[in-house]
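Reader: I have a model open and want to learn how to read it. Can we go feature by feature?

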Amino acid sequence: MGAGEEVSSSSSGNQNGSRSDITNVILNVYDLTPINNYSYWVGFGIFHSGIEVHGKEYGFGAHDFPISGVFKVEPKSCPGFIYRCSILLGCINMPFSEFRALIESVASEYHGDTYHLISKNCNHFTEDIVHRLTGKHIPGWVNRLARIGSLCSCLLPESLQVTTVKQLPEYHEMEDGTETLSTASPGGSTEIDDTDPEKQLLSPKDGNSDISFIKEAQMCECKVP
């Protein structure tokens with residue numbers, strides 16, 4: 001079902017002073033609903049995906065603010081979702097520093113307030129990153145719901161068309177240049193609907209996963225004399 005080789009273990013290189021800059025590019029796919037256990041076999045389902053490179057998994061999530069919605073987690077451990085499978089999409093020779101610069105640049109194109117389940121979701125993000133790194137595409141079944149929804153979005157309820165988390169990520173510097181996550185809501189805390197899988201994404205419970213948001217690259221302003 002779709003291109004790519006499923007892998008049971010993901011050796012994706014070492015980001016801390018590795019002798020080799022060679023790393024696998026792995027798509028980790030998650031179920032958003034148990035219904036996928038039945039619909040998956042006919043090529044349909046509702047999925048979240050993250051891209052694993054240099055030993056970390058990168059994804060895109062929603063919030064209400066015009067800042068980066070790109071984050072990283074430990075592979076196969078994205079909170080709020082049920083891990084399904086990993087698909088090896090290629091192997092690249094790219095230093096971690098170069099990859100980090102790419103992710104920080106791409107983060108400026110994926111703000112949390114631009115997330116949309118049909119037109120700009122986590123699978124669009126992984127498709128974009130995979131294509132930039134390898135020239136390949138993610139398997140079509142991973143984002144089939146979005147393609148169908150774009151053709152008949154008027155038939156989908158508003159709750160499916162737009163999903164956001166009304167919390168502002170606060171960034172705290174880490175040694176590798178990424179940012180650990182804490183959240184704050186303007187004027188106090190905002191209640192999260194725990195029944196919505198997408199909302200659980202950016203509000204991990206009981207510290208069960210370490211989410212780090214990627215701070216987007218700052219654009220330098222060149223002054224003309």
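Reader: Which hand does the crossing of α2 and α3 have?

Author: This is a predicted model, and in it the crossing of α2 and α3 is right-handed.

Reader: At what angle do the axes of α2 and α3 cross?

Author: Roughly 140°. Helix α2 covers residues 96–107 and helix α3 covers residues 122–134. Their axes come within 12 Å. Angles over 145 degrees would count as roughly antiparallel. The angle here therefore makes α2 oblique to α3.

Reader: Which residues of α2 and α3 meet?

Author: From α2, look at Phe-99, Leu-102, Ile-103 and Val-106. They meet Phe-125, Asp-128, Ile-129, Arg-132 and Leu-133 of α3.

Reader: How does the contact of α2 with α3 split by class?

Author: Seven residues are nonpolar and two are charged. No polar residue takes part in this contact.

Reader: On to strands. How do side chains sit in a regular strand?

Author: They alternate between the two faces of the sheet. Now take strand β2, residues 22–31. Eight of its 10 residues are buried, so the rest of the structure largely encloses β2.

Reader: How many bridges join β2 to β6?

Author: 10 bridges, and the two strands run antiparallel. Strand β6 spans residues 82–93.

Reader: Let me zoom out. How many helices and strands does the protein chain have?

Author: Six helices and nine strands. The chain has 225 residues, and 46% of them count as buried.

Reader: What share of the contacts with a separation of 6 or more links residues 24 or more positions apart?

Author: The share is 71% in this protein chain.

Technical notes:
Residues numbered from 1 in each chain as written. Predicted model: local features only at pLDDT ≥ 70, side-chain atom pairs only at ≥ 80, totals over all residues. Heavy atoms only, no water. Axes fitted to C-alpha atoms, helices over the stretch in contact; angles between N-to-C directions. Helix = DSSP H or I, 4+ residues; strand = E, 2+ residues; numbered from the N terminus. Parallel < 35°, antiparallel > 145°, perpendicular 65-115°, else oblique. Left-handed = near helix turned anticlockwise from the far one by under 90°. Contact = heavy atoms within 4.5 Å. Nonpolar A, V, L, I, M, F, W, Y, C, P; charged D, E, K, R; others polar. Buried < 20%, exposed > 50% of the residue type's maximum accessible area, 1.4 Å probe, protein only. Pairing = 2+ DSSP bridges.
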